[in-house]
Amino acid sequence: MASPRLLLVSNSKLHGEDFFEWCSETFKSFFKKSNVKKLLFFPYASRDYDGYVEKIEPALKKQGLEVESIHRKPDPVAAVRESQGIFIGGGNTFLLLKTLYEQKLVEPIRDCVLNKGIPFMGSSAGTNVATRSINTTNDMPICMPPSFEALKLVPFNINPHYIDTDPNSTHMGETREDRLLEFLREPDCAPVLALREGSGLVVEDGKITLFGRKNARFFKKGQDPIEYEPDTDLSFLLNVEC
């Protein structure tokens, strides 16, 4: 088994900035290390594939990468196996995972990333599907995948776009922390790393490093949430247990 190389970000865009501006340096160096010139892009988290590609392609070209969209490939499985690098974008996580199963791409992606060392990047919903399951997504279940089990490229779950509780809010619904603690009361639940916007993970050489502008918050059954600062080594997550 190859050592997987993963770039998992909470979000592609921050308010007032262009796509990937906040993580541009890490983005470029991540794919440059594997000499990736062309990314296979997955627009499956949206119904408007062409519109999504038109929106994201200029931003990826700014990072020095050509883009091929998997929806334009006659044989998606072969496209995955022949790819230099994979990028799964954001949108609706349920729709994304459902389409990955329908296209029979879950196992080919796992094989390429875990056994062949193909670099993988996920953003938002794309980060959700890289984990053990999509149970900790923020999205509405607009459709039903055959399983909530995801690609399992890492042995934990992620909650992208994590929002801290506002003590001055008059909102009477559950907070994001409430929802994650609710998930942790379920049997056999995975630990969860909550990524605020402007944060992400680099997984390579058997290590996990938190990067970006914001702290991450770690949730695990039976313990209080823990805050981690950018540049922290989170390699313990590779062996974390429920």
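This is a predicted model: local features need pLDDT of at least 70, side-chain atom pairs count only at pLDDT 80 or more; totals for chains, interfaces and linings use all residues.
Ground rules. Local features need pLDDT of at least 70, side-chain atom pairs count only at pLDDT 80 or more, and totals for chains, interfaces and linings use all residues. Residues are numbered from 1 along each chain as its sequence is written, and side-chain values use heavy atoms, with hydrogens and water left out.

Pockets, then. On a 1 Å grid over the protein atoms alone, a pocket is an open set of points with protein on both sides within 12 Å along at least five of seven lines; lining residues have an atom within 4 Å of a point.

The largest pocket has a volume of about 380 Å³. Its lining holds 16 residues. Nearest the centre are Asn 135, Thr 136, Thr 137, Asn 138 and Arg 179. Which helix gives the most to this lining? Helix 7, residues 176-184, with five residues. Helices here are DSSP runs of H or I, at least four residues, numbered from the N terminus. By class, the lining has six nonpolar, five polar and five charged residues.

The second largest pocket holds about 200 Å³. Among its lining residues are Asp 164, Asp 166, His 171, Glu 174 and Arg 176. One lining residue is nonpolar, five are polar and four are charged.

Last, Ala 78. This residue sits in helix 3, residues 76-81. Ala 78 counts as partly exposed because its relative accessibility is 22%; partly exposed runs between buried, under 20%, and exposed, over 50%, with a 1.4 Å probe and protein chains only. Its C-alpha lies 32 Å from that of Asn 239, 161 residues away along the chain.

Conventions. Helices (H or I, at least four residues) and strands (E, at least two) are DSSP runs, numbered from the N terminus. On a 1 Å grid over the protein atoms alone, a cavity is a set of points where a 1.4 Å probe fits but cannot get out, and a pocket is an open set with protein on both sides within 12 Å along at least five of seven lines; lining residues have an atom within 4 Å of a point. Grid points are joined across faces, edges and corners, and a volume is the space filled by probe spheres set on the points. Ala, Val, Leu, Ile, Met, Phe, Trp, Tyr, Cys and Pro count as nonpolar, Asp, Glu, Lys and Arg as charged, and the others, Gly among them, as polar.
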